[in-house]
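Take a moment to look it over before you start.

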Amino acid sequence: MVARITPVSGMLPENSETVLLTMPPDKSILHRLLFLGSLTKSKIQIPIVSPSVISDDVIATVLALESLGVPVDVASDAIELHGVGLRGYRAPTHAINCANSGTTARLLMGLLAGQPFNSTLTGDASLSSRPMKRLANLLAEMNAIIATDPRGTLPLEIAGQKLHGAELTLPLASAQMKSAVLLAGLFADGPTAVREPAHSRDHTERMMSAFGFGIEQEEEIQIWPEVTPALADEIVYNVPGDFSCAAFLIAAAILLRRRLVISGVSLNPSRTRFLDILTLMGIELEAEHITEEWNEPRGDLTIYGDRVSILAPFHIDEDDVPLLIDELPMLMVLALFADGESAIHGASELRVKESDRLGVAAKQFRGFGVEIEEMEDGIVIQGVPNRMLRNTPIIHEGDHRMLMAFSIAVLFCERPTEIEGAEAAQVSYPDFFQHLQRLCGRERVEIIEA
Ligand code: S3P
């Protein structure tokens, strides 16, 4: 699939007509809901507006659960899951393919390490180049036996074992790693304590506690195994909109000077540091109608893109990084248009995401004619406040977030750009190009099916 993006010319006039959007269900919450829900004895109803909003990453988790014998059905208006209880998984008859989804693979490592059967995890080329050894080593402290490829990557052979409770310190702030050991802790022979070097997204902890698993949180997180949640036989879980998807359209609204309202979006504080950075850049925004369901806050977010003129540059350091890790591709693109020098430090994890996001961005930005300095753990970007980027081929390496960030950047090139591999947006945000059309007009975003 090719996306043909026609640029807007330079600074746009103010347009005060508000665009209203709803994001796909939050991917991080949905993965956890499917996995943790499968360990309950409840029927879980997850309303959706249409199956087309479900991303490929979430489908990878649905298929993984099916191969473990968990009944899960993606119907026209809901995903329906039947929990099988803590000891209800069936041995898979084939390797479980996690496709492009790091969360699926890493959470499964935690879930499957303590099962009374063996399993194999595979993935696509991108996922098969990402580090798995560091999590395998951490789980080994609980007696897990997980063999990686010699490069420390997928495919993984998980030899199901009796796990021991342990006191663990994560080697880095990673929600995937943290969640994997918390899930493994449910199958251990004693309590597990987990410390993280910095706070990362906390959906697993919130959901475990909302469902009634054995979890307690102070300075460290404690997990007690074998606690079956006393949930109702049937529950409904409304998943808020995905904040990481919203970040792309928020940024587009700012650059296009449009007012945007995103309703029902997740406002979990461990995800929203992006908004603090936008505020520092001089952008007005407002969160309203905030409610909480199943411990997860959500609300309506208004971005006053129509009131923006100059974007102040920003500085991000390692304390911010875990709280906006998935928003960094978009923030790097926003920095292209800031009035001065922006810098990101302490973000070496970006190098092992769906692509080497620092390397891919640096190469692309040089192509756009922007002055940048690439460091091992970050990047310094000299903004071009006149918003004139040079035309150059777009190389996103199949990484959904780089694709979406670059698709917004090229709205400020001199001439139209054709972006190949645009189907990668399906990995997390199937409606991305349609939503972008809503902001900048159908004629500027054309999708050419291959
Ligand atoms: C995720 C955690 C993050 C993030 C990823 C989703 C999750 O990874 O980049 O897209 O759902 O737990 P790490 O926390 O492992 O860096």
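How do the residues of the shell around the ligand divide into nonpolar, polar and charged? They divide into 2 nonpolar, 4 polar and 5 charged, where Ala, Val, Leu, Ile, Met, Phe, Trp, Tyr, Cys and Pro count as nonpolar, Asp, Glu, Lys and Arg as charged, and the others, Gly among them, as polar. This is a predicted model, in which local features need pLDDT of at least 70, side-chain atom pairs count only at pLDDT 80 or more, and totals for chains, interfaces and linings use all residues. Residues are numbered from 1 along each chain as its sequence is written, and side-chain values use heavy atoms, leaving out hydrogens and water.

**Around the ligand**
- Among the residues surrounding the ligand are Ser-28, Arg-32, Gln-176, Asp-326 and Arg-401 (a residue is near if one of its heavy atoms lies within 4 Å).
- Helices α1 (27–38) and α5 (175–185) each supply at least two residues of this shell (helices are DSSP runs of H or I with at least four residues, strands are runs of E with at least two, and both are numbered from the N terminus).
- At least three shell residues come from each of domain 1 (2–25 + 240–448) and domain 2 (27–216), with bounds taken from an automatic or database domain assignment.

**Polar contacts** (pairs of N or O atoms within 3.5 Å)
- Ser-174 has a polar side-chain atom 2.6 Å from an oxygen atom of the ligand.
- For Thr-103, a polar side-chain atom lies 3.5 Å from a ligand oxygen atom.
- Ala-175 uses a polar backbone atom, 2.7 Å from an oxygen atom of the ligand.

**Backbone features**
- Leu-154 and Pro-155 are joined by a cis peptide bond, with omega about -5 degrees.
- Pro-155 lies in the loop between β8 (145–147) and β9 (156–159).
- His-289, in strand β16 (residues 285–293), has a positive phi of about 50 degrees although it is not a glycine.
- Most residues other than glycine have a negative phi, and most peptide bonds are trans.

Key: A polar contact is a pair of N or O atoms within 3.5 Å; within protein, one must be able to donate a hydrogen and the other to accept it, and residues adjacent in sequence count only if both atoms are side-chain atoms.
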